[in-house]
Amino acid sequence: SGILTGGCNNIESLNLRDNRMGDGGIKFIADALASSTTSSSASSNRTKTKLAHLDVGWNAIRETGIKALCEMLQTNDTLRCLSLESNRVNEESSKLLADVLRTNTTLRSLNLKGTAVPVPGAQALALGLRTNSTLTELDLSCNRSMGEEGVAAIAKSLSTTHQNEEDDGNTTTNLQILKLDGNRVYLQATTALHTMITSNSTLVQLHLRSCFIIDEVAEVIADALTPSSSGGGCCSLQILNLQGNQIGPVGAGHLSHALKTNRSLTMLNVAKNKPWGVTGVEEFAKGLVGNSTLQVLNVAHNFECQSRNLGGCIIAVVALRNALFFPPLSKDDRDNDDDDDDDDDD
């Protein structure tokens, strides 16, 4: 804590990962930051800091330490990014963090990756999110302990439709990046994600890597990406990460259908899913024809390119190549080509 209250008051980013500080060590850090505000009420014997980014991941922090950090966040007005990755956030700690989300107007990024958040904890965080209008990034990856119920609760809290149904005057969230990698996303959670995607106009990144997503779930997600899917709902997602799931050729077809009309996605990652085979790749390629917004596409490890099926792989590659680089001509272009051919005959 001497770094924060001593002469090094120009430090804006502090990385203390994997130092095994425990609750005792983190309390010293929290105490130093509690009074290190930019307001005139700051204690006169404390040096004001500019610390905006604090990473205390992998430090064996538990409820007592989380409580100290939450108390600090009630008064600190400089910290914008906090990482608690791979510490332990139990139900009580989750409720404390939810209280912070209700009152803190400075924090922009919160990393709770791998913190073993339980189902009630995720539900508490969801309630806190509903009244927070300043957090822009939330990482809840690798928290399988919160189950489908937890994922659904978070998604519902970010759904403006859900908030309107509650009609309690809550502020619409401004979250832009949601990371749920490594959690379980089955049909129950996907239904809530569908509503979130089609009703939330601020969310631009959704990360669902290694979430056990199968074709049926991919169909629901694809439907949310389709502009007309919610009777006027609008998808604002620009980046969607579906890497490492169980999406096969059927799911690829559903995503292809969405890409035909979706005009928000600029990056799609569907690498390392189930082998799509020739049929799956050809079907997926159809969705790329005429899509003018997608800029980054990752389909690594999806072809079934085995030596015994090399011919089929080449067919699949040709289909993808044609969709990306040689799209079919429009009717006007075909008419123009016919006119040019007539001129050549003359």
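In this predicted model, Ala 319 is buried, with a relative accessible area of 17%, where under 20% counts as buried. Ala 319 belongs to helix H12, which covers residues 310-325. Leaving aside residues up to four places away in sequence, Ala 319 touches Glu 282 and Ala 285. Lys 286 lies 33 residues from Ala 319 in sequence, yet their C-alpha atoms are 8.4 Å apart in space.

The buried residues of H11 are Gly 277, Gly 280, Val 281, Phe 284, Ala 285, Gly 287 and Leu 288. These residues cover an arc of only 150 degrees around the axis, which means that they lie on the same side of H11. In general, residues three or four places apart in an α-helix point the same way, because there are 3.6 residues a turn. After H11 comes Gly 290, with a positive phi near 85 degrees.

A further pair of helices is H6 and H8, whose axes come within 8 Å and cross at roughly 10 degrees. H6 and H8 are therefore roughly parallel to each other, as angles under 35 degrees count as such. The table lists the residues that make this contact.

| Helix | Residue range | Residues in the contact |
|---|---|---|
| H6 | residues 147-157 | Glu 148, Glu 149, Val 151, Ala 152, Ala 155, Lys 156 |
| H8 | residues 187-199 | Leu 187, Gln 188, Ala 189, Ala 192, Leu 193, Met 196 |

The residues of the contact between H6 and H8 comprise 8 nonpolar, 1 polar and 3 charged.

Notes: Residues are numbered from 1 along each chain as its sequence is written. This is a predicted model: local features need pLDDT of at least 70, side-chain atom pairs count only at pLDDT 80 or more; totals for chains, interfaces and linings use all residues. Side-chain values use heavy atoms; hydrogens and water are left out. Buried means under 20% relative accessible area, exposed over 50%, partly exposed in between (1.4 Å probe, protein chains only). Helices (H or I, at least four residues) and strands (E, at least two) are DSSP runs, numbered from the N terminus. The arc is that of the directions from the helix axis to the C-beta atoms. Axes are lines fitted to C-alpha atoms, for helices over the stretch in contact, and angles run from 0 to 180 degrees between N-to-C directions. Angles under 35 degrees count as roughly parallel, over 145 as roughly antiparallel, 65 to 115 as roughly perpendicular and the rest as oblique. Contact means heavy atoms within 4.5 Å. Ala, Val, Leu, Ile, Met, Phe, Trp, Tyr, Cys and Pro count as nonpolar, Asp, Glu, Lys and Arg as charged, and the others, Gly among them, as polar.
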